[in-house]
Amino acid sequence: MQRPLVAPSILSADFARLADELERISDADWAHVDVMDAHFVPNLTLGAPVVEALAAASPIPLDCHLMVSDVDRWALDYAEAGAAGVTIHAEASAAPVRTARALRAAGARAGLALRPATAFEAYEDLLPEVDMVLVMTVEPGFGGQEFLDVTLPKLRRVRRAVDAADLDVRVQVDGGVSEDTIARCAEAGADVFVAGSAVYGAADAAGAIARLRELAAAHMPR
Ligand SMILES: O=C(CO)[C@@H](O)[C@H](O)COP(=O)(O)O
Ligand SMILES: [Fe+2]
């Protein structure tokens, strides 16, 4: 198991002051950027031009989570905008292997995300094609939702498959991750932890990041 990575989601940041909000989380490993198109999910955030500006301003790498329909058409724009990682949803992709290969060829890490109701088994054979699997722990679309414990069995299955294949693939959780829920995620096999409201809702964001990292490390299997 690799060291835990904490990726605060800027969805819970002040959108009028995004450069300052990125500085607030400079102790984190990645800045998680939620791209929503008001079609794949019922919310609208930002697109590649804003990601390009954020990449130039950010002290840490950007981890873009694309919640957009027809994602094969749009994913490469985010790698070219400077994102270090681009995660596509399995449900929005007709050609995840082709898109993952294009992202990697552009120098980005390729991630594959699964909504809570999407089974991992259909995608298990694709593990060598990606650098990360994102197990959504809420229905995508909004920050501040309650963590869904029903996603934990799938998280364990993803971890078992990654370990069995002995691959350098990260396992990310996103949604409702907090000081109350992160231990469950770590025990079930996550090693990248997205947290929006738990970090940006704290008066001391750096302290919240440090506590989340410590709790994750303490509960990840050795
Ligand atoms: O992708 C999403 C929501 O769809 C997330 O990245 C949220 O932004 C996480 O926010 P919290 O649940 O941690 O507040
Ligand atoms: Fe996200």
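Me: First up, in which loop does Gly143 lie?
Reply: Gly143 lies in the loop that runs between S6 and H5. Keep in mind that this is a predicted model.

Me: OK, and is Gly143 buried or exposed?
Reply: Buried, because Gly143 has 21 C-beta neighbours inside 10 Å, and the cut-off for buried is 20 or more.

Me: What is Gly143 in contact with, leaving aside its neighbours within four places in sequence?
Reply: Ser9, Leu11, Ser12, Gly196 and Ser197.

Me: Which residues does UniProt put under "binding site"?
Reply: The UniProt record, an unreviewed entry, lists Ser9, His65, Gly141, Phe142, Gly143, Gly144, Asp174, Gly175, Gly176, Gly196 and Ser197. Ser9, Gly196 and Ser197 also turn up among the contacts of Gly143.

Me: Where is Gly141 then?
Reply: Gly141 is in the loop between strand S6 (132–136) and helix H5 (152–165). Gly141 is partly exposed, with 17 other C-beta atoms within 10 Å.

Me: What does Gly141 touch, not counting residues up to four places away?
Reply: Met36, Val41, Pro42 and Asn43.

Me: Switching topic: which residues does UniProt list for "active site"?
Reply: Asp34 and Asp174, again from an unreviewed entry. They span 141 residues in sequence, but no two of their C-alpha atoms are more than 10.5 Å apart, so they gather at one spot.

Me: Which strand is Asp34 found in, and what does Asp34 touch?
Reply: Asp34 is in strand S2, residues 31–36. Skipping residues up to four places away in sequence, Asp34 touches Ser9, Leu11, Thr45, His65 and Met67. Ser9 and His65 are also on the "binding site" list in the UniProt record.

Me: And which strand holds Asp174?
Reply: Asp174 is found in strand S7, residues 170–174.

Me: Now helices. How do H3 and H4 sit relative to each other?
Reply: The axes of H3 (residues 71–80) and H4 (residues 96–105) come within 9 Å and cross at roughly 10°. That is under the 35 degrees cut-off, and H3 and H4 are therefore roughly parallel to each other.

Me: Which residues meet there?
Reply: From H3, Val71, Asp72, Ala75, Leu76 and Ala79. From H4, Arg98, Thr99, Ala102 and Leu103. By class, that contact has six nonpolar, one polar and two charged residues.

Me: What about Pro4, where does that lie?
Reply: Pro4 lies in the segment before strand S1 (5–8). Pro4 counts as buried, with 22 C-beta neighbours inside 10 Å.

Me: What is Pro4 in contact with, beyond its neighbours within four places in sequence?
Reply: Ala186, Asp191, Phe193, Arg213, Ala216, Ala217 and Met220. Pro4 and Arg184 are 180 residues apart in sequence and 14 Å apart in space, C-alpha to C-alpha.

Me: Last one: what's the mean pLDDT of the chain?
Reply: The mean is 98, and 100% of the residues reach 70 or more. For the complex, the predictor gives an ipTM of 0.99 and a pTM of 0.99.

Note on methods
Residues are numbered from 1 along each chain as its sequence is written. Chains are lettered from A and ligands numbered from 1 in the order in which they are written. This is a predicted model: local features need pLDDT of at least 70, side-chain atom pairs count only at pLDDT 80 or more; totals for chains, interfaces and linings use all residues. Axes are lines fitted to C-alpha atoms, for helices over the stretch in contact, and angles run from 0 to 180 degrees between N-to-C directions. Helices (H or I, at least four residues) and strands (E, at least two) are DSSP runs, numbered from the N terminus. Angles under 35 degrees count as roughly parallel, over 145 as roughly antiparallel, 65 to 115 as roughly perpendicular and the rest as oblique. Two residues are in contact if their C-beta atoms, placed from the backbone, lie within 7 Å. Ala, Val, Leu, Ile, Met, Phe, Trp, Tyr, Cys and Pro count as nonpolar, Asp, Glu, Lys and Arg as charged, and the others, Gly among them, as polar. UniProt positions are given in the numbering used here, feature names are shortened, and annotations may be inferred rather than shown by experiment. A residue is buried if 20 or more other C-beta atoms lie within 10 Å of its own, exposed if 12 or fewer, and partly exposed in between; C-beta atoms are placed from the backbone. pLDDT is the predictor's confidence in each residue, from 0 to 100.
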